[in-house]
Amino acid sequence: MQADIVFINGEVITVDQKNKVVEAVAVKGNRISAVGSNREVKGFIGEETKVIDLQGKTLLPGFIDAHIHLILYGVNQLAVSCKDEHIKSIEDLLNDLKEKASTIPKGEWIRAWGFNETVVKEKRYPTIAELDAISVEHPIIVSRTCSHISVVNSKALEIAKINENSENPTGGIIEKDKTGRFTGKLIETANMIMTEIASYTESELMKAVKIASEHFVAAGITSIHEAGAYGPESFRLLQQAVKSKDIRVRIYAMIGSLNNSHEFVNKMVEAGVITGTGDERFKIGPAKLFTDGSSTGPTIATRETYSSDPDNFGILYYSEEEIYQVLGQAHKKGYQITVHAQGDRAIEMYLNCVEKALEESPRKDHRHRIEHAGISSPDLQERMKNLELIPIPNPPFPYEFGDIYIQHYGNRVNHMYAVRDFIDNGIIAAGGSDAPVTDYNPLLGIHVAVNRTSQSGSEIGVAQSISVMEAIKLYTWNGAYASFEEDIKGSIEVGKLADFVVLTDSILKVNPLHIKDLQVESTIIDGEILYHRESLVEI
C-alpha cells in the first residue's frame, strides 16, 4: 500500500509496550500504516509519496496535555498580561491598565491575568484604591496566576452587586481590611463568580479559542483534556470551533465549570451526556468538581497547617457528603469522575467518596481521576492504587512555583506531584500543564519531571525525578489512557491516528538539563502538517 507521507532517518520514539525506538514511519490518510527501520518502511514509498528525511531528529507521538484550560488561556491572550517581562512592579502593571483604559469605551471590562505578588517589587497585590484611580467607569479585574484569586475595583463590585451586606460565598472570601472596608481581593469561589460576571462575548471567545489552538499546536500538543469551561454554552462553542477547524487540537472536555457550579454537573448528568460521547476530535470527559484551592495562593486544604502559617489549613469548597452527592450519582450513571484536589486533606476526602461509590456500585475500568493530586502522601498513594485512580499531576509547577512550595509546605514538597512514586507503585498518571496557570510547553513539563528544579535552581522534591522515557510516556500514552483512548493514540503503532511531533534535535541524546531548550520543528495531526518552524527536508 502506497503511503501519503513517509518519515525516514529519525529517532522515532514509539512509546509502545517495549518502548521501541525505530527509524521510520509511514502514513496513509490519517492513520499510521507502517513503523520500523528505513528498509522495512521503504516498500510503502510510491511515486506520489512525500518522503521526509528527519536527519536524526526525534519524532514522537503528539503530546497530550491531560489538564489544560483552552478557553481560559485563549481569553487571557485578549487581556493585559502580568507575565510580560517589562512588568516588574505594581506601578508597571497600573501603567498598562491605564493604557488599556484609554483604548476601550467606558463600561467595558479591563482584564489582566497572570499576576504573582511574589515576583513584583512591592511583594503585594494592587489595592482597590489603586485600581479605582485608573477608572471608576470601567470595571477592572486582575487575576492571579493561579486563577483562584483576583483583585477588582469598585465598579466591578458594583456590577456584581457586592456591598457591605454581602456575605462570603461558600468556599470563598470577599476580603475586607481591619476597618471593614473592601480590599478588592476575591478568593476562590468569590473570584470564580466574578470571573463569570466578567465574561466575554461569543465573538471574543471564538477568537480566543482559535489563538489558543494555534499556540498549542505550535508546541506539539495534538490532544488536550479541557479542564473546565464556562458552562453548557462553552461546550457548544467548542464543538462549533472544532467543526469549523478554528480548533485543531483534539478535545476531551470535562463536565465542570470555572465557577465550580455543581448545578451544571447535575444537569449534564441528568441529561445523560455521558463520558465518551463524541468522536476522535471532540469527546465528553469526566464530571468534575473543585474541592480546594490553589497551591500557590496558598489556599489548598491540608491535613497539617502551612509551614508559613500555623493557623492555616486552607479552603474546602464542599463537605465530603456534598461531593459524594454530586459525583457519587455521576458514578452510578456510568460517568468517569474527577476533582480538583491539591492538598492532602482534599485528596483524602475525594478518596473516601470514590471508595464509597465503588462499594455501592462496583464498576471495572472506571478510570476515575484526580486532577493535580498535589500533596500525595504515601498513605494516599496506596489508596489511589487500590482504587485504580488516575492522578493528573502538573510537572511544570515546581519550576515556576517550587520556591513558594518550600515556603508554604516545607518537607511536604517531597510528595508533591509525586510522579516517581506513582510509577513505582504501578499507578498510571498523566501530565497536565494547567495552563494558563503556568507554561503549556510539554517540553518544559518533561524537563521538570526529569530534573525537578525551580527557576532559581533549587531542588524541589528531587526524589520524584523520572527518566526521559518515563516523562515522554506521561505526556503521550498515559494521557490517552486517562481518556479511554489508548487504542487510537498516545503511541506510534500501526492503525493509530497519525498525530506526531518532530523536535529540532534528539531528546534522548541532549543533556537532560537542556531538554527545555529543545523546540518543536513540526506538528502533524491526522496526517496533516499543521505547523512547521522550518521547511521539512523533503526528498
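## Strand β14 and its partners

In this predicted model, Val 151 has Lys 185 as its bridge partner in β14. Strands are DSSP runs of E with at least two residues, helices are runs of H or I with at least four, and both are numbered from the N terminus. Strand β12 (residues 149-152) is joined to β14 by three bridges, and the two run antiparallel. Two strands count as paired if DSSP finds at least two bridges between them.

Strand β13 (residues 172-176) is also antiparallel to β14, with four bridges. Here Ile 174 stands opposite Leu 186. The hairpin of β13 and β14 has five residues between the strands, and Gly 180 takes a positive phi near 90° in this hairpin. Strand β14 spans residues 182-188, and seven of its seven residues are buried (buried means under 20% relative accessible area, exposed over 50%, partly exposed in between, with a 1.4 Å probe and protein chains only).

## Strand β15 and its parallel neighbours

Strand β15 (residues 221-226) is mostly covered, with six of its six residues buried. Strand β8 (residues 63-68) pairs with β15 in the parallel sense over four bridges; Ile 68 has Glu 226 as its bridge partner there. Strand β16 (residues 250-255) also pairs with β15 in the parallel sense, over four bridges.

## Glu 117

Glu 117 lies in the loop between β10 (110-115) and α4 (128-134). Glu 117 counts as buried because its relative accessibility is 12%. Its side chain makes a polar contact of 2.9 Å with the side chain of Arg 144. A polar contact is a pair of N or O atoms within 3.5 Å; within protein, one must be able to donate a hydrogen and the other to accept it, and residues adjacent in sequence count only if both atoms are side-chain atoms.

Neighbours within four places in sequence aside, Glu 117 is in contact (heavy atoms within 4.5 Å) with Lys 123, Arg 124, Tyr 125, Arg 144 and Gly 297.

The largest pocket holds about 510 Å³ of space. Of the 23 residues that line this pocket, Lys 83, Val 119, Tyr 399, Glu 400 and Gln 455 are the closest to its centre. A pocket is an open set of points on a 1 Å grid over the protein atoms alone, where a 1.4 Å probe fits, with protein on both sides within 12 Å along at least five of seven lines; lining residues have an atom within 4 Å of a point. Grid points are joined across faces, edges and corners, and a volume is the space filled by probe spheres set on the points. Helix α13 (397-409) and β10 each supply at least two lining residues, and α13 gives the most, with six. The lining comprises nine nonpolar, seven polar and seven charged residues (Ala, Val, Leu, Ile, Met, Phe, Trp, Tyr, Cys and Pro count as nonpolar, Asp, Glu, Lys and Arg as charged, and the others, Gly among them, as polar).

The second largest pocket has a volume of about 250 Å³. Its lining has 13 residues, of which Glu 108, Trp 109, Arg 111, Tyr 200 and Glu 204 are the closest to the centre. At least two lining residues come from each of β10 and α7 (202-218). By class, this lining has six nonpolar, two polar and five charged residues.

## Basis of the values

Residues are numbered from 1 along each chain as its sequence is written, and side-chain values use heavy atoms, with hydrogens and water left out. Since this is a predicted model, local features need pLDDT of at least 70 and side-chain atom pairs count only at pLDDT 80 or more, while totals for chains, interfaces and linings use all residues.
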